[in-house]
Protein chains: 2
Amino acid sequence: MRIGIIGAGRMGSGLGKLLARAGHEVVYSFSRSREKLERLAAESGHGARASSPADAAAAEVVILTIHWQELETALAQAGNLAGKVVVDVTNPMTESDDELAIGFSTSGGEELARRTGARVVKAFNTIPSELLHAGPARLPERVAVCFCGDDDEAKGITEQLIRDAGFDPVDVGPLHGARYLEPMALLVAQIAYEGPTPEVGYRFVAIPR
Amino acid sequence: MRIGIIGAGRMGSGLGKLLARAGHEVVYSFSRSREKLERLAAESGHGARASSPADAAAAEVVILTIHWQELETALAQAGNLAGKVVVDVTNPMTESDDELAIGFSTSGGEELARRTGARVVKAFNTIPSELLHAGPARLPERVAVCFCGDDDEAKGITEQLIRDAGFDPVDVGPLHGARYLEPMALLVAQIAYEGPTPEVGYRFVAIPR
């Protein structure tokens, strides 16, 4: 599958490498440094390449890993996303990056869907980038990635990408659930950055029936 | 330790039984049915008894397990809680019980602390009552209970109660974190009630260093 990544920070590069390793064709975009995009593409292999947000947005799946404050710029460069499958990894943080900028009665995921008309799936936003870079395969057990969205096809694609990246997908319902997944990202961040190690994930455990 | 439970629904009864089993002296209160409180006390053993919210509030630790819409009534009956250690298990749900009534720029835990002057610790609100009743010992592995608060002594006491109830305590910082733990409760509810079983918990898994 061709996957366009918009945002080449720690989350974008971590996901890109995991998905390239799983055999997907990754297009990196949206960095001030073209050199950085080229380096990421070279490190990822499997046909990965550096390009523009518009080119990334032409892929079968778009993964959005920008900082929320860059949303306007990124959307302008990506062009029309209506009907696209967009995996929204962002958390709607303030400029100072220490609080959610919106929430409770809406969410970043829902706002993104409203603004673009894209088939948005919220996913991967609850995982520290350090875990992506270290690789989930180094964990003693598989961990979960919660996702939610309103479009079944887009959710099915995202579910497969979550598996391909080495995680267990956990469907938490409609995109409305981004109201819970975005605060959860801050909870995980607290555990990751105030705890013994940021290379941490979560899983759900049930009593066997 | 003497533990006063205000709210004798599924959460209150589940926690009460686990803590009584661990050797704590539990005081059940705040039910329309005195008979129900008496029955819970009898089922719990270890000196558990039925009483009034005011009596429960006189215990060393108060555990608040009411529905949020009953807060006014419960606080009026409990009396002055200033300086008390209060473990806040509530989620600030609307009357229709399907959304948070407050959040984002505050939380139920913070509002409770502001209103009462109590040393509030948010805890156990992210655990389905079904898991408490089934007993976490039946899980294939120990799961976590996230907690947060501003008072170190109150947090230390709560941490021990979490262990006594059979869970691994995970400290997620100041009471401000209730803004993340309350939405997380709705996430867990989604997984518990839309998934294969409500007898479910969560844990964090790190790459070994």
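Are B:E110 and B:R179 buried or exposed? In this predicted model, local features need pLDDT of at least 70 and side-chain atom pairs count only at pLDDT 80 or more, whereas totals for chains, interfaces and linings use all residues. Residues are numbered from 1 along each chain as its sequence is written, chains are lettered from A in the order in which they are written, and side-chain values use heavy atoms, with hydrogens and water left out.

**View 1. The salt bridge between B:E110 and B:R179.** B:E110 is buried, and so is B:R179, where buried means under 20% relative accessible area, exposed over 50%, and partly exposed in between, with a 1.4 Å probe and protein chains only. The closest N and O atoms of the pair are 2.8 Å apart, a salt bridge being a side-chain nitrogen of Lys or Arg within 4 Å of a carboxyl oxygen of Asp or Glu. The pair links distant parts of the chain, 69 residues apart, with B:E110 in helix α5 (residues 108-116) and B:R179 in helix α8 (residues 178-194) of chain B; helices (H or I, at least four residues) and strands (E, at least two) are DSSP runs, numbered from the N terminus.

**View 2. The salt bridge between B:K122 and B:D88.** The closest N and O atoms are 2.8 Å apart, and the pair joins strand β6 (residues 119-123), which holds B:K122, to strand β5 (residues 85-88), which holds B:D88, across 34 residues of chain B. Both B:K122 and B:D88 are buried.

**View 3. The salt bridge between B:D171 and B:K155.** The N to O distance is 2.8 Å, with B:D171 in strand β8 (residues 168-171) and B:K155 in helix α7 (residues 152-164) of chain B, 16 residues apart. B:D171 counts as partly exposed because its relative accessibility is 42%, whereas B:K155, at 8%, counts as buried.

**View 4. A network of salt bridges that includes residues of chains A and B.** A:E141, A:R203, B:E141 and B:R203 are linked in this network, and the count over all chains comes to 34 salt bridges.

**View 5. The surroundings of A:F124 in the largest nonpolar core.** This core has 155 residues, and A:F124 is among those with the most contacts inside it; a nonpolar core is a set of buried Ala, Val, Leu, Ile, Met, Phe, Trp, Tyr and Cys residues joined through side-chain atoms within 4.5 Å. Leaving aside neighbours within four places in sequence, A:F124 is in contact (heavy atoms within 4.5 Å) with residues including A:M11, A:V87, A:L161 and A:F167.
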